[in-house]
Amino acid sequence: MPVSPKQARTLKHRSWVAFLVVPPIVFMSLFVVYPILSAFAYAFYEWRGLARGEFVGLANFKEVLFGATMGPVVWNAFLHNVYALIALMIIQNGGGFLLAWLLYKEPFGFRFHRVAVFVPVVLSTIIVGFLWKLFLNPNFGLVNQALYSVGLDALAKPWLGDASTALGALILANAWHFVGFPTLVYLAGMQRIPSEIIEAARLDGTSEWQLLKNVVWPLVAPSTTILFTLLFIGAFNWFEIPYVMVGLDGSPYGTTDVLGLVFYRTAFGNQSASIQNFGQGSALATVLFLFIVVFASMLTLWLRRREIQF
Amino acid sequence: MKLTRRILMGAAVGGYILSAGAAMAKTELTFWSWRQEDKAFYQDVIKKFEAKEPEISVKFETYAPENYQTILSTALAAGRGPDVIQVRAYGNLESIATPGYLLALDKQAVPELANFPDSALAAETLRADGKVYAVPFATQTMLVVYNKKIFKDAGVNPPQTWDELVALTQALKAKNITPFANGTATAWQNETIVAALLSSQLGKQFEDDIVSGKANFTDPRFVNALAKLKDISTNFAPNFTGVDYASSQQLFVAGRAAMFAGGSFEVANFKGQNPSLDLGVFASPVAKAGDERLIARYYDGGYAVNAKTDKKDAALKFVRFLATPDYGTAFTNTLKNLSPIKGIKIEDAITQDVAKLADNSMSYLMLVRFRYQEPSGSVLLQSNVQKLLAGQQTPEQAAAEINKGIATYYKPFQK
Amino acid sequence: MTIAFAPSAVSAQSDTSRSISFAFLAQIILILNSFIMLYPVVVMVFSAFKSTGEIFEHPFAIPDFTQVQNFARVLGETSMPTYFLNSIVVTGASILLILVLGTMAGYAVARYESRTNTFILLFFLAGLMLPLKLAVIPLFILLRDLGLLDSRWSLIVTYTAIGLPSAVFIMAGFLRSLPSELEDAARIDGASEPRIMWSVMLPLARPPMAIAAIQNAVPIWNDFFFPLVFIQTDSAKTLPQGLTSFMGEYTTDWGMLFAGLTIAAAPITLLYIALSRQFIQGMTAGAVK
């Protein structure tokens, strides 16, 4: 059948568009969609090392969430993720908001401060973790040395070995690492506020605090939405800082254990427990996955509703 | 220009394939290990083996220890993997022997198995079928390493009894010396400390009773030993709950502490970092004079043959070579690491001491007996001792927690 | 802070003094914050010039900067240069792939009307939301089956998959904003579609490409999790993972540890200081609308 010039053109056009679209989609399907769907499937099987065994239904999920061995470990870790989320929301995102407001006024040297606050953000988390681990060393570390040198010996502690401070130390190291990110996102958000709005508020004699609370905060709500969502995802995927600073076991005695560490230990084993369990690892990943997706979407929707359009 | 390059490249590739073809006449074995630091030694051993068996060559490849198990099981599950494999022992061995990845060894195929004590072979035996799957390579012991110079300067001697140990730590402290370099921040260090300091107080009978189910971990022997450990821990490194493995090594190597409770494998490690150290070893002190002095012992692992290899004969020849007293002697003297092979000649004085102490031993309990299921005895011991020494629970509570965890799968404790 | 809480009905005079003292307070907070952000990095660099003994005895002292033995040893006797090279290769190749594939999909969605466009965008939006970390087990098995495990390719494909969705959105968003007159003119001149894309549109799209590149390059350069699972051979390790082996090997030599950290941190920090505006813009691009 002869092909009309128009048909030939659309055919050519179509194959051109296909040439553009198909490779990226195939790539994504192979390396994102397929693994994620497989992760769901794997969770329903028993695994012997890397060999897939029997279909076991929901047994892995049951063990991970309510089992005598895994259950308490998982919930203990989950609680620490929640602590980290709340603490980082206040310190990291809240601190970022205040710093952004100070930078927004463009005081003397604000260019320098803006660059400085973002320096730790570009460093690798591994570097940040090791650096703070060395600084927090109880006998030779910078933090205790500094306390000794100003006579505050009583405050010196084995920070990462003490159950009451270890998780807090990890959270602070993380905040040091990332506070620059919310700072500059909020700053960009503030710079988008039409200057007339702030001028008008000032002319009304609004106090600094009220300006911040009643004008700026509501107007940067889109930044808050996205920062909180990112923090939420980050907090429940937390792995690198704890891994480097307290090790796979969440030392001391599980007081810094987080879901990322539990997942890694379960799936890939560690020195003191040789058992590698891909089934339970996949079940844990699936649960976490659904939790993150469902909550992150709900949060985004809820936070979006309180955003003001301008 | 382009064309000539292509022709040249083609020729080069062809030549490579041809030369590889010529080499095929020789049987080439691959041999995997996690002992990167022992590479020079193994290359030397391979040279000797190749001189003896000219038709076989061996390629030695190492992988990082923390990932070794994962890489190995990945390769084996894919039906690949090396011909000869350095494997670990106990629960770790089971996870690769159970799926049938390893060739069972018997005295017919490997007569040299007779060179090993039964406890060493037990470490490489699958509990389910009672067959041996690897030729053991190293005995490890848990004991106390001490700095002879510090002891001499302070005018003290290695203790025999627990009371002498307490007196010793007081004498050292009076001279402003940190008695033990140990810290508890790294979880697994808690397990080594328990074994290095408490074995003589627990006793072989305790191990037998645990295995037979006559006793469990709430037994007074275990609880009392933990209480003793709690008392002595005031002599660990300053701020010991925050001192990790690296920092405690650091303290000991720098001569800032007199003793290190840990593995005999630390000796070579310490010497490597500070060759001027003059070191000695002693077994855990006894509760009262006359009790049996014990160290805790385990076997590191062994050399196994891939069940799927098509070079079985050559692989077995190599494994048999690794089971001879000559090999054991070379292993022990070069690596300062005790080979379990009977009849080896030890040159190094401190390794001789370790070997002598190893004659009187109990198992490194949690690794040898309770690292087959979750929650492993090791994980339970580590976290609960960590908690105990941090002052967050009593010895009774720690013992009860450990017992409860193991009882979830260990039948004798479920009564 | 009391000043900021003061009631709003105040005279003009106290208003001025109020803003002055507020500015003063702001200065103090900003200076303190910058000190906290930078001092640890400074100590890291200083300590790299010291011996372990000096670090323990004089942790705060300014070192003798001619003492570069630690650096010489890190570069001379460790695998750090190899890790470094691997990081460059992996990051470079991933960014290239992300830009090529991201531009292709972004261009198609932005410039050609199609009923499938929404579907394609939703498809990539899903990729943007899902943390691939949690699918590491199947990814591990997939890469094993493809024979890519324990090679730099395993990382390159993973990072490309993670970075692709954001690149598609950045590119589509920008390309959509370009006026259609440009391509219509070229079309009338008889230029083919690939020609229009390559010679007319893409030369205009360099700024969003730079943003997509920076946004992905920093996390890829710094990633630790995927190499930890996929890579075992020392010669294929990237910097963050190599750093953990290095830290394990030299645990008791703090001078070496700090030198290693300094060397690992140096390139990206210096690049950031030189190109801070682009870095900040690129890295916050996903969060700033």
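**Chain B: its fold and its side towards chain C**

Chain B has 17 helices and eleven strands, where helices (H or I, at least four residues) and strands (E, at least two) are DSSP runs numbered from the N terminus. The radius of gyration of chain B, taken over C-alpha atoms, is 24 Å, close to the 22 Å that the globule rule gives for 415 residues, so chain B is as compact as a globular protein of that length; the rule itself is 2.2 Å times the number of residues to the power 0.38. This is a predicted model, in which local features need pLDDT of at least 70 and side-chain atom pairs count only at pLDDT 80 or more, while totals for chains, interfaces and linings use all residues. Residues are numbered from 1 along each chain as its sequence is written, and chains are lettered from A and ligands numbered from 1 in the order in which they are written.

**Burial**

- Buried residues make up 50% of the 415 residues in chain B, a residue being buried if 20 or more other C-beta atoms, placed from the backbone, lie within 10 Å of its own.

**The open sheet**

- Five strands of chain B form an open sheet with mixed pairing, in the order β2-β1-β3-β10-β4, and two strands pair if DSSP finds at least two bridges between them.
- The edge strands, each of which pairs on one side only, are β2 (56-62) and β4 (135-136) of chain B.
- Strand β1 (residues 27-33) of chain B pairs with β2(B) in the parallel sense over seven bridges, and Thr27(B) stands opposite Ile56(B) in β2(B).

- Five of the five residues of strand β9 (residues 295-299) of chain B are buried, so the strand is largely enclosed by the rest of the structure.
- Ile295(B), Arg297(B) and Tyr299(B) point one way from β9(B), whereas Ala296(B) and Tyr298(B) point the other way.
- In a regular strand the side chains alternate between the two faces of the sheet.
- Strand β5 (residues 139-147) of chain B pairs with β9(B) in the antiparallel sense over four bridges, with Thr139(B) opposite Tyr299(B).
- Strand β11 (residues 361-363) of chain B runs parallel to β9(B) and is joined to β9(B) by three bridges, with Ile295(B) opposite Ser361(B).

**The side towards chain C**

- Eleven residues of chain B are in contact with six residues of chain C, contact meaning that the C-beta atoms, placed from the backbone, lie within 7 Å.
- On this side of chain B, α10(B) gives the most, with four residues.

Note on methods: Contact = placed C-beta atoms within 7 Å. Buried ≥ 20, exposed ≤ 12 C-beta atoms within 10 Å, placed from the backbone.
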